[in-house]
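Below is a short briefing on one protein model and its ligand.

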Amino acid sequence: MEKPAITDHEIHPLIAQRWSPRAFDSKLVETEKLAQLFEAARWASSCFNDQPWTFIVATKDDKVNYQKMLDCLVPANVVWAQAAPVLGLVVAQKTFKHNGKPNAWGEYDAGQAAATLVLQATALNLVAHQMGGFDAATAIATFNIPETARPVAAIAIGYAGETKNLPSDLQERENAPRERHPLSSFVFTGAWGNSAPFV
Ligand SMILES: Cc1cc2nc3c(=O)[nH]c(=O)nc-3n(C[C@H](O)[C@H](O)[C@H](O)COP(=O)(O)O)c2cc1C
């Protein structure tokens, strides 16, 4: 299923095409494509070029590690994410590599890397669905994530599947229109709350 963004202004088709489906096909993701996803993430920009991101990834054919990843997700996400052939965690470093000081942009940069990965997934005809619904303490303990890092999101990746295979409540959400706040509500000029004239 495709669900392109209905935009007020023209945007790149890749951005319009990306969305977060819950229906995944059982087809595994080719290893070269997997590598391409993380190559894309690798080239995201970051403060001091610190690259403060780490991805912990499990593919479905690696049953033990896949189950460990699934066990980190909240039950509401397990319902649909268990069909995804690839599950991962996005982890942000808390400190800079060059001086060990707190990196206030670590999570911002990890998010940029994840966003870049998701767009690359879209370009490869894959889908990706990010999740805040996971248990960070479980993830930290399960994967020995050090004190210097924080798991910020989980992500399910794979090929789009059939919506009809989802439970009915999720089918409804899958078919619901995609909505966004208007540009005027978040693009300001001069002072907070003053919409920029071009929006
Ligand atoms: C950081 C983050 C956390 C999210 N957490 C969840 C989640 O736990 N479960 C879920 O079903 N979707 C989750 N989503 C997906 C959002 O609900 C989705 O991106 C949003 O509704 C916009 O839809 P779109 O991605 O299809 O444009 C999350 C997305 C992001 C970026």
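Is R150 buried, exposed or partly exposed? R150 counts as partly exposed, because its relative accessibility is 38%, where buried means under 20% relative accessible area, exposed over 50%, and partly exposed in between (1.4 Å probe, protein chains only). The model is predicted: local features need pLDDT of at least 70, side-chain atom pairs count only at pLDDT 80 or more, and totals for chains, interfaces and linings use all residues. Residues are numbered from 1 along each chain as its sequence is written, and side-chain values use heavy atoms, with hydrogens and water left out.

**Ligand shell**

- The ligand is surrounded by 13 residues, the closest being S20, H129, G132, R178 and R180; a residue is near the ligand if one of its heavy atoms lies within 4 Å of it.
- A polar side-chain atom of R178 lies 2.6 Å from a ligand oxygen, and a backbone N or O atom of G132 lies 2.7 Å from a ligand nitrogen.
- In the side chain of R22, an N or O atom is 3.3 Å from an oxygen atom of the ligand.
- The protein buries 61% of the 620 Å² that the ligand exposes when taken alone (Shrake-Rupley method, 1.4 Å probe; for residues, only the protein chains shown count as cover).
- Two or more shell residues each come from α4 (75-81) and β3 (127-131), and β3 gives the largest share, three residues; helices (H or I, at least four residues) and strands (E, at least two) are DSSP runs, numbered from the N terminus.
- By class, the shell holds three nonpolar, six polar and four charged residues, with Ala, Val, Leu, Ile, Met, Phe, Trp, Tyr, Cys and Pro taken as nonpolar, Asp, Glu, Lys and Arg as charged, and the others, Gly among them, as polar.

**Salt bridges**

- The count comes to five salt bridges, each a side-chain nitrogen of Lys or Arg within 4 Å of a carboxyl oxygen of Asp or Glu.
- R22 pairs with E174, the closest N and O atoms being 3.5 Å apart. R22 lies in the loop between α1 (13-17) and α2 and E174 in helix α7, so the bridge ties together parts that are 152 residues apart in sequence.
- R22 counts as buried at 14% relative accessibility, and E174 counts as buried at 0%.
- D50 and K97 meet in a salt bridge at 3.3 Å, N to O. This pair links distant parts of the chain, with D50 in the loop between α2 and β1 and K97 in the loop between β2 (86-93) and α5, 47 residues apart.
- D50 is buried at 6% relative accessible area, whereas K97 is exposed at 58%.
- E107 forms a salt bridge with R150, with closest N and O atoms 2.7 Å apart. The pair joins helix α5 to strand β4 (residues 149-158), so parts 43 residues apart in sequence are tied together.
- E107 counts as partly exposed at 42% relative accessibility.

**Backbone details**

- N49 has a positive phi of about 50° although it is not a glycine; N49 sits in the loop between α2 (31-42) and β1 (53-59).
- N125 has a positive phi of about 65°, again without being a glycine, and is found in the loop between α5 (106-123) and β3.
- Just after α6, N144 takes a positive phi of about 55°.

**Segment after α7**

- L183 is found in the segment after α7 (168-175) and is partly exposed at 32% relative accessibility.
- P182 is found in the segment after α7 and is partly exposed, with a relative accessible area of 46%.

How values were computed. A polar contact is a pair of N or O atoms within 3.5 Å; within protein, one must be able to donate a hydrogen and the other to accept it, and residues adjacent in sequence count only if both atoms are side-chain atoms.
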